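Keep the sequence and the 3D view at hand while reading.

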Amino acid sequence: MRALWLSLVLGLTGCNLVKGPPRDHECRARLRSIIALETTFYAQHRRYSVHPAEVGFAPQPGNRYLYLFSREGPLTRRDELPSPPLRTSVGYGPDTRTRGVVLEELLTGLPPSVRDTLGLEGTCPDCELTVACVGNADQDPTLDVWSISTRDRPEGVRGTPVHHVNDLANEPPPPEVPDCTLATPLVEGVPGSPGHLLPSVRNPNGDSELAALMRRFVADWEAARQTMEQEGHLAPRFPSHRQLRCAWPTTASDRDQTYDGLAINYLAAVKAFDASPSRRTYDAVVDGCRACHEVTCGGPLQVIEALRWK
Ligand code: HEC
């Protein structure tokens with residue numbers, strides 16, 4: 001049932017989950033073609049070029065990654081802002097319109113230790129070139145960074161992409177719902193929606209999707225506290241709890257701006273807990289429950305207070 005429901009939501013919002021080759025494939029494949037173009041260029045001119053246009057490189061539209069041929073210099077943008085003349089450009093920014101990420105975001109996330117190795121080294125023909133790509137392969141703030149070089153490096157021989165920062169390592173599983181905000185339309189007729197309440201032992205009328213989610217919250221935080229007391233490993237809560245912003249309440253009109261603002265605050269506390277589980281971040285989560293319930297419905301406040309770390 002859940003799979004069916006998910007496919008309905010995905011179909012309606014037109015969002016795509018990861019499909020096709022792994023996302024960092026773009027970066028590695030492009031770096032290899034850059035090195036091939038540079039090698040051909042060197043054979044003709046006895047030098048490498050830090051200008052993609054000069055060697056005939058341009059990433060295809062829709063590129064997720066930033067391509068950098070030099071530590072410094074102007075970059076070609078793929079957003080509304082003006083770009084330098086192609087012959088002076090030393091790289092390409094990501095396609096902001098399709099990827100929703102701006103050049104500066106990627107540029108500032110590039111570790112200085114990698115940036116320092118980029119561009120030309122030596123005086124051509126006795127020279128080497130190193131090129132990097134930087135992107136955000138998922139939704140967290142960590143970036144994915146690769147580089148390729150015409151010289152042998154400790155991490156890999158010439159022409160092999162080296163992975164400096166892996167955005168996809170040790171990541172929590174991708175969230176089950178690709179987009180979940182106040183703007184996400186709720187799908188009529190799904191279990192827990194008005195007229196289709198879930199069978200419940202507690203409530204003779206049945207449970208809404210949101211009420212069932214709340215039950216999960218209580219169970220999740222009770223379990224979190226126990227696991228932490230035993231110093232065990234905790235799975236992140238955010239991927240499932242984010243559903244708070246797009247679950248059917250019993251009364252559809254309860255899902256308004258005020259509710260959503262309180263949901264955002266709660267989810268921020270959950271993210272902080274996931275990043276660093278502690279007594280302090282745990283209690284901040286419970287504060288988030290309380291803040292919303294003081295406004296929406298006071299009934300569960302006792303259950304919420306019982307979750308406090310004593
Ligand atoms: C953004 C607002 C919001 C936050 C944050 C929130 N709740 Fe709720 N909660 C609600 C609403 C609204 C309902 C009523 C659900 C419905 O309409 O069916 C509810 C219902 C409940 C219920 C009753 C469920 C039932 O069986 O009917 C419990 C228990 C509960 N919440 C506990 C919690 C706990 C624990 C947290 C924090 C971990 C929390 N809530 C965070 C808004 C919130």
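## Confidence in the model

pLDDT is the predictor's confidence in each residue, on a scale from 0 to 100. Helices (DSSP runs of H or I, at least four residues) and strands (DSSP runs of E, at least two residues) are numbered from the N terminus. Among the elements of the protein chain, the lowest mean pLDDT, 38, belongs to helix 1 (residues 2-13), and the highest, 97, to helix 3 (residues 52-55). Residues 1-20 have a pLDDT below 50, and this stretch has 19 contacts in the model beyond near neighbours in sequence. The pLDDT is also below 50 over residues 171-175, a stretch with eight contacts beyond near neighbours in sequence. Two residues are in contact if their C-beta atoms, placed from the backbone, lie within 7 Å.

The protein chain as a whole averages a pLDDT of 86, and 88% of the residues score at least 70. This is a predicted model, in which local features need pLDDT of at least 70 and side-chain atom pairs count only at pLDDT 80 or more, while totals for chains, interfaces and linings use all residues. Residues are numbered from 1 along each chain as its sequence is written.

## Overall make-up

The protein chain contains 11 helices and seven strands. A residue is buried if 20 or more other C-beta atoms, placed from the backbone, lie within 10 Å of its own, exposed if there are 12 or fewer, and partly exposed in between. By this count, 27% of the 310 residues of the protein chain are buried. Among contacts between residues at least 6 apart in sequence, 56% join residues at least 24 apart.

## Nonpolar cores

A nonpolar core is a set of buried Ala, Val, Leu, Ile, Met, Phe, Trp, Tyr and Cys residues joined through C-beta atoms within 7 Å. The largest one has 29 residues, and L31, L66, L68, V131, A132, C133 and V134 have the most contacts inside it. At least two residues each come from helix 2 (25-45), strand 1 (66-68), helix 5 (103-109), strand 5 (126-135) and strand 6 (144-149). Strand 5 gives the largest share of this core, five residues.

Which residues does L68 contact, leaving aside its neighbours within four places in sequence? They are V90, G91, L118, V131, A132 and V134.

## Strands and their pairing

Two strands pair if DSSP finds at least two bridges between them. Strand 3 (residues 91-95) pairs with strand 1 in the antiparallel sense over two bridges, and with strand 2 (residues 76-78) in the parallel sense, also over two bridges. Y92 in strand 3 is the bridge partner of Y67, and T76 stands opposite Y92 as well. Four of the five residues of strand 3 are buried.

Strand 6 runs antiparallel to strand 5, joined by six bridges, and antiparallel to strand 7 (residues 162-165), joined by three bridges. S147 in strand 6 stands opposite A132, and its bridge partner in strand 7 is V162. In a regular strand the side chains alternate between the two faces of the sheet. Both faces of strand 6 are covered: D144, W146 and I148 are buried on one side, and V145, S147 and S149 on the other.

## Backbone details

Most residues other than glycine have a negative phi, and most peptide bonds are trans. R46 has a positive phi of about 60° although it is not a glycine. R46 sits in the loop between helix 2 and helix 3, and it counts as exposed because it has 11 C-beta neighbours inside 10 Å. The peptide bond from C124 to P125 is cis, with omega near 10°; P125 lies in the loop between strand 4 (119-123) and strand 5.

## Around the ligand

Of the 27 residues around the ligand, M214, P249, C289, C292 and P300 come nearest. Helix 7 (209-229) supplies the largest share of this shell, seven residues. Helix 9 (257-275), helix 10 (279-295) and helix 11 (301-306) are among the elements that supply at least two residues each.

The shell divides into 19 nonpolar, five polar and three charged residues. Here Ala, Val, Leu, Ile, Met, Phe, Trp, Tyr, Cys and Pro count as nonpolar, Asp, Glu, Lys and Arg as charged, and the others, Gly among them, as polar.

How values were computed. Near = placed C-beta within 6 Å.
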